[in-house]
Amino acid sequence: MYKDILIIGKKPTPIGGVTIYVKRLLELLESSDFNYSFYDLKSFSLSTFIKAISNSFISHLHTSSPCLRVIYSLLCHFLGKKSIITYHGNLGRFNKFLNALDFLSVKWCTYPIVLNEQSFVIAKKLNSNAKIMSVYISPIDGEVLDIRLKNQLIQFRSKYCFIVATNAYNYSVDSYGNEIYGITDLINFFGENNGYGFVVSDPSGNYAKRFPVLSSNIFVIDYPHPFQKVLDYVDCFIRYTSTDGDSISIYEALEHGVPVLATDVVSRPQGVHLIRRGDIDALKHEIELLVKRVHNSVNQKRKYPKNLILNFYQQILK
């Protein structure tokens, strides 16, 4: 059956920034009047992929694979179909060959969507239709923590006057061999600064395996759970990445009124406190400042528009 919009990607699990976004986008479309369908890349075959694209007016790809992005953009070009690709990471973050593929996909797709100014500068030179747009969609109410985890967080909360949280969807390294999420550095930091509580949200469980013995002020959640609900029990969120796109977790924290500390590797939303990756003295100083601010003021919760991407679809369909 012919559809106006085809969403291409994967839903959790695995849990990750891209899969979470796809899940929330599909929920948003389900509550709208759009005639849409979903192609699950977990069941990919070239024949079904081509058929799904052929049976839609617009298709929108969500993948971290430069190879699939360039194949998709070529297929849509030859099929005469409008294509959208959201680049969930920074453009230029791979090696020379994969970056070349990515740049070709930006050039050949109809509407490349990037997440920050640094990527937008590159994309706009390659494709005049390039857009910069946040991928954040507020979570649908209804997700809850299991009672065991909730009680653990309440007990952990009672032990420390200031709790910092971070998250990682798996242990991974960038093209330079650096640990992307910086969890190891943060575990070492909070192991030495044990007056603070530190929560690591890691649904993959790989950090718990890497660090079987931890300081008592460090709590690793090593199974799938709704991270935005963890934010109800913390005072600060830290995004200590070596590379990034447009972090969903940062927006979740800001929406909860939780202060955010993040590395300056890409442009960040307004109000985020920036630090340089590897500058431990600056990290300690910023946390000390946040402790004073949090205990002397009330942070404002923020609201972000849900319908940016739906409005964009509507413009194309018109």
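Contact here means heavy atoms within 4.5 Å, and axes are lines fitted to C-alpha atoms (for helices over the stretch in contact), with angles running from 0 to 180 degrees between N-to-C directions. Helices (H or I, at least four residues) and strands (E, at least two) are DSSP runs numbered from the N terminus. With that in hand, look at helix 10 (residues 248-255): it lies across strand 7, strand 10 (236-239) and strand 11 (260-263), and runs at about 165° to strand 10.

Before going on, note that this is a predicted model, where local features need pLDDT of at least 70, side-chain atom pairs count only at pLDDT 80 or more, and totals for chains, interfaces and linings use all residues. Residues are numbered from 1 along each chain as its sequence is written, and side-chain values use heavy atoms, with hydrogens and water left out.

Now for the sheet. Two strands pair if DSSP finds at least two bridges between them. Six strands make an open sheet with parallel pairing, in the order 9-8-7-10-11-12. From one strand to the next, the twist averages 20°. Strand 7 (residues 163-167) and strand 8 (residues 197-201) pair in the parallel sense over five bridges, and Asn 167 stands opposite Ser 201 in strand 8.

Next, helix 7 (residues 183-192). Its buried residues (under 20% relative accessible area with a 1.4 Å probe, protein chains only; exposed is over 50%, partly exposed in between) are Ile 183, Leu 186, Ile 187, Phe 189 and Phe 190. They cover an arc of only 165° around the axis, which puts them on the same side of helix 7; the arc is that of the directions from the helix axis to the C-beta atoms. Phe 189 and Phe 190 also belong to a cluster in which ring pairs link them with Phe 162, Tyr 196 and Phe 198.

Rings of Phe, Tyr and Trp (its six-membered ring) pair if their centres lie within 6.5 Å; planes under 30 degrees apart count as stacked, over 60 as edge-to-face and the rest as tilted. That rule gives 14 aromatic pairs. Tyr 111 and Phe 312 form an edge-to-face pair, because their ring centres are 5.4 Å apart and their planes are at 85°. This pair links distant parts of the chain, with Tyr 111 in strand 5 (residues 111-114) and Phe 312 in helix 12 (residues 308-317), 201 residues apart. Tyr 111 counts as buried at 17% relative accessibility, and so does Phe 312 at 6%.
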